[in-house]
Amino acid sequence: MKNYIEIIKKRRSYYNLSEDVDLSNEEIKYLVEDVMNVTPSHMNSQTTRIVLLFDEKSKEFWNKVNETFDNKIKEEKFHGFYHAKGTALFFIDTDEIKKQEKDIPSYKEYFETWGHHSAAMLELNLWQALRDENIGASNQHYNPVIDSWVKEDYNLPASWELIAEMPFGKIEEEAEAKEKKAIEEILKVFE
């Protein structure tokens, strides 16, 4: 338990990233596959999809994101995103969600929310697994502004809804500590 808590404590939003990681692209791909295979999803639905971009493909992606935002991404963030080893794009397959809604109508209003819960678990698990390998990352949300060209550029099904972008790479600068609320404000215990 203590080991796992230490991994969680190390997971931060890292923006100053570089390509110089200890794992190969192939090793990172296998890590992503392992995380995808062990992360739970609602009713084992596996509605989350990932597109993995490495090296030049990741740089091209961030250049296009920045252009889409009229080159207004903060310089220090863009620098880290651009120079990162790679980027994981997270999607929810809405066709899978619609199928669940049709197959189990009594839960129809919940499947979209549960799909986002499943995706969030996968995002966090990957973020922590990368950090355990001394690779930093951050979770970004430039969607839905970039959605149309992302689907076109990567020839993705129309049903794939982009929900997050995760640049990852060597940590060049430690993240600043963030202020936390008093635990008594956010946790209630009844015995």
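**Exercise 1.** Describe how helix H5 and helix H6 pack in this predicted model.

*Solution.* Begin with the geometry: H5, which spans residues 94–103, and H6, which spans residues 111–132, pack at an angle of about 135 degrees, and their axes lie 9 Å apart. An angle over 145 degrees would count as roughly antiparallel, and 65 to 115 as roughly perpendicular, so the two helices are oblique to each other. Next comes the handedness of the crossing, which is right-handed. Finally, look at the residues that make the contact, which are Ile97, Gln100 and Glu101 from H5 together with Phe111, Glu112 and Gly115 from H6. Sorted by class, this contact has 2 nonpolar, 2 polar and 2 charged residues.

**Exercise 2.** Find out where the buried residues of helix H4 point, and what they pack against.

*Solution.* First list the buried residues of H4 (residues 75–83), which are Phe78, Gly80 and Phe81. They cover an arc of only 165 degrees around the axis, and therefore they sit on the same side of H4. Then turn to the other side of H4, where Glu75 and Glu76 are exposed.

**Exercise 3.** Decide whether Lys59 is buried or exposed, and name its contacts.

*Solution.* Start by locating Lys59, which belongs to helix H3. Its relative accessibility is 7%, and because buried means under 20%, Lys59 counts as buried. When neighbours within four places in sequence are left aside, Lys59 is in contact with Glu19, Tyr82 and His83.

Terms used:
Residues numbered from 1 in each chain as written. Predicted model: local features only at pLDDT ≥ 70, side-chain atom pairs only at ≥ 80, totals over all residues. Heavy atoms only, no water. Axes fitted to C-alpha atoms, helices over the stretch in contact; angles between N-to-C directions. Helix = DSSP H or I, 4+ residues; strand = E, 2+ residues; numbered from the N terminus. Parallel < 35°, antiparallel > 145°, perpendicular 65-115°, else oblique. Left-handed = near helix turned anticlockwise from the far one by under 90°. Contact = heavy atoms within 4.5 Å. Nonpolar A, V, L, I, M, F, W, Y, C, P; charged D, E, K, R; others polar. Buried < 20%, exposed > 50% of the residue type's maximum accessible area, 1.4 Å probe, protein only. Arc of directions from axis to C-beta.
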